[in-house]
Amino acid sequence: MTALPHPLITVAVEAGPRTVRLRIGGDLDYDTSGELAAKAEACLGAHGPDDLHLDCADLRVCDSMGVSTLLLIHRSCAARGVRLHLDAPPPFLERILAVTGIRHLFETTAADEQPEQAHADEGSGPAAPAMYGLPPRTPSG
Amino acid sequence: MAPPKESSTTIIHEQPASGAWVAAPYPVVVADGSGTVVEVNAAAAFLMDGVVPGAGMTDVAPSWLAEAHADAVVGGAVPRSPGEAGVLPSVRGHIGDHSFEAHPSWGRDGQVVWWLVDDTGQRLAEAALSTERERATFLAEASNVLMASLNTERCMLATARLAARYLADAAVVVAPASGRTMPVAHAVAGQEATRALVADDPSLVPGLSEALQGFPPVPSRWIDPVTLPGWMLPEGFTGPIGSVAVTPLPGHGVPAGALILLRSNGRAEFSESEELFARQFAARAGAALSAARLYAEQSDITRTLMRDLLPPDLHRVNGVEFAGGYQPAGAREPVGGDFYDVHPGGTESEPSLVVLGDVCGKGLDAAVLTGKIRNTVQALTPMADDHQKMLRLLNGALLNSHHTRFATLVLASVLRTESQVRLRLTSAGHPAPLVVRNDGRVEEAATHGTLVGALPHVEARSVEVHLQPGETCLLYTDGVTEARGGPLGNELFGEERLARALSGCAGLPGAAVVERIQMLASQWLRDGRHDDMALVAITAPRTTHLSAVNGHTRGRYTA
């Protein structure tokens, strides 16, 4: 799959001491989601981080299998006590997460204050993923 | 005694010639114009009993050689001098088991010298080569014929027909038993093959049950024709059977059946090379048959699954109009990841339950999950008044530790009260339903919840909506809003465009709303690829006032 001249998806791994960052670019869909799941699983196993960041700034497409993969990574992180962050989600991804009611599963870091590594004394928000409540939403009707 | 001059000539001709013949590695026979043998060398005498000088060619030589000699002396132009080359045609024939080429040349006085060259080896090699060519051609043809169809029955018939034509006088193909009967195809050379179902014990035919098991591979077996059961004989095959061979048809890990070759009495038994050839054919036929069988099994499974998974036809239930539309992503897969159902309330005062949803993934995996969800929802209809509880139970039923395949869906409990239709809508991670008012306003139902099947806990918020006569609530899947196309070819249809389109549908019957949205989405897509698209319209029917007094007071309605 990665041998294609234009890979459908690129997953770049940046591993710090306690933090692993996966930069996802391209399409996260039926054909490619397996690759992301495998990379994330491998990173969690190899580095044992406290925080896993999924950097979605260059993500172009995310279909239902992509959402399923995000849920799979979330399940894996929850089982290991790893905080899962979704960094710089594009608007379309925000919308998908809102409609499917799973936005709260991922900690958000705004694009302008991405922490590189240390999360030692983090106080912002509860540690994922204990909460399954609904985010507040205003009806548009 | 010949005159001296004559005799001297004879000596000159004969002596060196005789010596040469004696030493020649080939049998040589010299015969004169009257067909009498004049001279024979030792090799020829050894080869043909009774060929001695003085004997008549017609009496002692093989008939083909005697005839060729007669032709040569009658028709051939006798050369005027020994040096002149008189051209005579060579002939071929058998002496005993051997094949010979006889090359004639003129001797003196109109005698003909026959040189016999044994070409048995060459003949055999030629025959073997032509047989092999014929077989290679046949196998190529057989492969074409067999691979042309993935239909098990046609494949069996073709196998029997080909085998009867090339390998035997008649052939029977027996497929492994399905239930208590075995499908069988019969063929007699030169006739159309026929099929039958046979209820018999294959172990009664020696070697048949082993061949039908397919593994381990067993060699062809020769069996006594007397032991054959009656069903084995094809109709139209007359005369006693000389030899019978049972050859397994090896499949791809699954037994494909057995091939039984029958030869009538007059024909030779199967030689070793014919048996090898039969096995080569059986390997091709077995591969084709097992491919056909696997395909048949798979398409059976798909058909069985699909029968239950196709979206239902919707119609009016308990005074409420329902209309549905479904466009699967692949034209070849009528079942996809979207689904909808209407479960009618038991009485007019009980709400009907509508469910529309979208399962993640595609293909058979998605279809199976779809079936599970539809069944579970149907089983949960007794608690249709509590959507939250339904979703919790459904979520629990779908949760799986192996994967996070999920579904998003909308539940709608629908009840007609007087002329109004009351809806309770709950979205579980699904795009919220849209309501088209009679004045063209389009409202998004304020319901929101978690997708089901992937998380341990789900929550959802329901909303109540009332439809006046003529108003429609549309449930849809994101295949509609995410249809890519438009003037630039890569733009999403989107929620705003859908809402605008719906606004133009105010007051239309539900079926018309569904058709219009489907048409607009298709136009938007043009020929582009799309995801499954499902739509359900719930419409409060326009009512007919029967006894209205002033148009504002309540009358009786029919609907």
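In chain A of this predicted model, the side chains of A:E14 and A:R23 meet in a salt bridge, with N to O at 2.5 Å. Here a salt bridge is a side-chain nitrogen of Lys or Arg within 4 Å of a carboxyl oxygen of Asp or Glu. Both partners are partly exposed, A:E14 with a relative accessible area of 32% and A:R23 with 33%. On the scale used, buried means under 20% relative accessible area, exposed over 50%, and partly exposed in between (1.4 Å probe, protein chains only). Side chains of opposite charge can pair when their charged atoms come close. A search of the whole structure turns up 25 salt bridges over all chains.

A few words on bookkeeping. Because the model is predicted, local features need pLDDT of at least 70 and side-chain atom pairs count only at pLDDT 80 or more, while totals for chains, interfaces and linings use all residues. Residues are numbered from 1 along each chain as its sequence is written, chains are lettered from A and ligands numbered from 1 in the order in which they are written, and side-chain values use heavy atoms, with hydrogens and water left out.

Chain B has salt bridges too. B:E321 and B:R316 pair at 3.7 Å, N to O, and B:R316 is partly exposed at 38% relative accessibility. B:R437 and B:E471 pair at 2.9 Å, N to O. B:R437 sits in the loop between β17 (434–436) and β18 (442–444) of chain B and B:E471 in the loop between β20 (460–467) and β21 (472–476) of chain B, so this pair ties together parts that are 34 residues apart in sequence. (Helices, H or I of at least four residues, and strands, E of at least two, are DSSP runs numbered from the N terminus.) B:R437 is buried at 13% relative accessible area, and B:E471 is buried at 5%.

Turning to the interface, the contact (heavy atoms within 4.5 Å) takes 24 residues from chain A and 31 residues from chain B. The buried area, meaning the accessible area (1.4 Å probe) that two parts lose on being put together, summed over both, is about 2300 Å², and carbon and sulfur atoms give 58% of that. Two salt bridges are counted between the chains; one of them joins A:R95 to B:E495 at 3.0 Å, N to O. On the chain A side, α2 (64–80) and α3 (91–99) are the elements that give two or more residues, and α2(A) provides the largest share, eight residues. Helix α2 of chain A also holds A:T69, which is buried at 6% relative accessible area. Leaving aside neighbours within four places in sequence, A:T69 is in contact with A:S33, A:L36 and A:A37.

Back in chain B, strand β15 (residues 407–417) is mostly covered, with ten of its eleven residues buried. Strands pair if DSSP finds at least two bridges between them. Eight bridges join β15(B) to the antiparallel strand β14 (residues 352–359), where B:L353 stands opposite B:S413. Nine bridges join β15(B) to strand β16 (residues 420–428), again antiparallel, and B:A412 stands opposite B:L425 there. The hairpin of β15(B) and β16(B) has two residues between the strands, and B:E418 takes a positive phi near 50 degrees in it.
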